[in-house]
Amino acid sequence: MPRTRTPRALAGAALAIAFAVQVAMAQAVPDAVQRNAARIDAGQFAAARAEIDAHLAAADIDADTARALEFQRERMRRIRLDFTLSADQARARLRESIPDLREDEFQRWTASNQLEHMVIDGTPYYFNRSVSNLFRVSPEALARRATPFRRNDGPMENANAYHDKAVAEARAGGRTSVAPRRVRVTQAITVNADAVPAGETLRAWIPYPRALPGQQEDIRFLSSAPSTHSVAPESTMQRTVYLEQPAVAGKPTTFSISYELTVYGQHHRIDPDKVVPLTAQQREDMAAQLAERPPHMAFTDDLRAFSKQVVGDEKNPYRIAQKLFQAVDRIPWGGAREYSTITNISDYALHADHADCGQQTLLLMTLLRLNGIPSKWQSGMVYSDGSYDNLHDWGALYLAPYGWVPMDVTTGQFKGARDAEVEWFYLGGLDAYRIAFNDDFGTDFVPAKQHFRSETVDSQRGEVEWAGGNLYFDQWDYAFRAQVLPVAGK
């Protein structure tokens with residue numbers, strides 16, 4: 001399932017460490033930053049806050065260290081926005097679905113962290129979505145519900161006529177780009193009234209697609225509000241449209257863009273026996289797509305052990321990918337914390353008993369690289385013929401001699417499908433009901449933000465700031481609307 005955020009303005013979903021901190025941790029992070037990041041992860045907020053404040057008050061602190069420490073202080077604030085429920089509030093919410101909840105059940109689900117929580121300075125706080133996630137990760141809890149559990153799955157999360165059509169077109173024509181859709185999109189950001197002083201300039205970045213041959217083409221910008229805008233260069237890996245306007249007292253501030261594009265489904269007919277290991281030259285050329293990328297893609301001891309257990313003695317790259325795909329697909333989907341509150345996302349997905357699409361994708365990408373298979377990131381929005389839309393992350397892997405092929409481990413394997421090509425559709429294929437905004441994670445915008453990003457791994461909702469700092473998700477909302485257009489002559 002894609003990355004559902006509820007409510008949209010105050011994310012109960014995935015976050016990632018600020019870009020400045022990612023870069024710092026990938027290099028030589030000052031001890032104070034590492035130490036206090038670990039304290040925060042351990043719930044020792046008071047101790048972390050005291051040391052951070054003392055360092056920031058020092059006259060000789062360098063700018064990079066100060067910024068990294070300031071983000072750690074901000075990270076504590078963001079964690080508390082995601083973890084707001086007391087134990088009594090979590091019990092009460094759980095009793096809405098399990099009226100005869102027993103205390104031993106509550107304590108057992110807490111101890112296993114199936115009811116996700118953090119103990120912060122000695123007090124447990126439960127994740128805002130811990131109760132709904134519990135029914136996804138615990139069959140025991142699901143069986144105890146008094147009413148059925150309602151899932152909000154998207155239309156592409158089960159094999160359907162679209163997948164059949166895409167596979168049939170690929171077979172008949174030998175093409176990899178199939179079953180396209182023409183779509184008109186409107187995206188918007190609305191900043192809360194009086195979020196900044198009247199007259200101050202609000203700066204907004206709204207995600208925008210790149211032209212990708214065979215995937216999304218013929219992109220036509222239609223309009224924006226305000227009309228003055230700046231589209232980031234085609235080469236920008238996290239592409240956006242930049243807009244700005246002054247805030248008006250007592251009124252929300254809205255930014256919007258509209259555009260059209262053609263999106264193609266993709267289906268690569270992969271013969272496992274034809275897949276071969278990379279040559280030495282290919283390994284050299286794709287070194288960046290094979291390497292660790294701290295902090296969120298690291299070959300930890302736990303990851304190596306998990307990989308060895310899953311892969312065994314398999315040597316064929318495609319069959320290795322299948323095994324890893326299945327293993328990550330088995331991790332239950334769950335609504336995620338904001339990514340900037342998590343210090344290592346792939347490690348979190350490995351241990352948390354649940355993961356959302358971006359967390360699953362980063363875990364699979366890391367496992368593939370560990371096994372000598374290049375991988376890369378892609379993300380954006382999924383849409384439908386109806387009203388469904390959602391944020392979503394997926395990726396790609398390199399298989400010689402086929403080249404780069406897409407993968408979507410969250411949509412996963414269609415077990416039981418009569419057609420093997422439909423069963424493995426999302427290991428080597430994608431539907432046309434998605435728009436990619438990002439071909440990498442954690443990269444800079446054009447123009448660059450001056451302050452911390454709210455979402456520094458991904459870019460799907462957008463970003464807003466003013467001279468006084470970043471505006472976080474509790475200060476604005478986003479909107480996305482996609483309309484599938486009729487095909488000419490049909």
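Begin by selecting helix α6, residues 103-111, in this predicted model. Its buried residues are Glu105, Phe106, Trp109 and Thr110. These four cover an arc of only 130° around the axis, which puts them on the same side of α6. To see what they pack against, display α5 (87-95), β3 (117-120), β4 (123-127), α7 (130-137) and α8 (139-143). Just after α6, select Asn113, where phi is positive, at about 65°.

Next, move to helix α2, residues 31-41, and highlight Ala32, Val33, Asn36, Ala37 and Ile40, which are buried. Viewed down the axis of α2, the buried residues fall within an arc of 125°, so they line one face of the helix. Gly43 follows α2 and has a positive phi, near 85°.

The tour now turns to aromatic rings. The model contains 17 aromatic pairs. Select Phe325 and Trp424, a tilted pair with 5.9 Å centre to centre and 55° between the planes. This pair links distant parts of the chain: Phe325 belongs to helix α13 (residues 317-329), Trp424 to the loop between α16 (420-423) and β15 (429-430), and the two are 99 residues apart. Both Phe325 and Trp424 are buried.

Proceed to Tyr472 and Phe473, another tilted pair, at 5.2 Å centre to centre with 45° between the planes. Tyr472 counts as buried because its relative accessibility is 2%; Phe473 likewise counts as buried, at 1%. Then select Tyr162, Tyr383 and Tyr433, which ring pairs link into a cluster.

Finish with two charged side chains. Arg293 lies over the face of Phe441, 3.9 Å from the ring centre, and Lys376 lies over the face of Trp404, at 4.3 Å from the ring centre.

Notes. Residues are numbered from 1 along each chain as its sequence is written. This is a predicted model: local features need pLDDT of at least 70, side-chain atom pairs count only at pLDDT 80 or more; totals for chains, interfaces and linings use all residues. Side-chain values use heavy atoms; hydrogens and water are left out. Buried means under 20% relative accessible area, exposed over 50%, partly exposed in between (1.4 Å probe, protein chains only). The arc is that of the directions from the helix axis to the C-beta atoms. Contact means heavy atoms within 4.5 Å. Rings of Phe, Tyr and Trp (its six-membered ring) pair if their centres lie within 6.5 Å; planes under 30 degrees apart count as stacked, over 60 as edge-to-face and the rest as tilted. A charge sits over a ring if NZ of Lys or CZ of Arg is within 6 Å of the ring centre and within 35 degrees of the ring normal.
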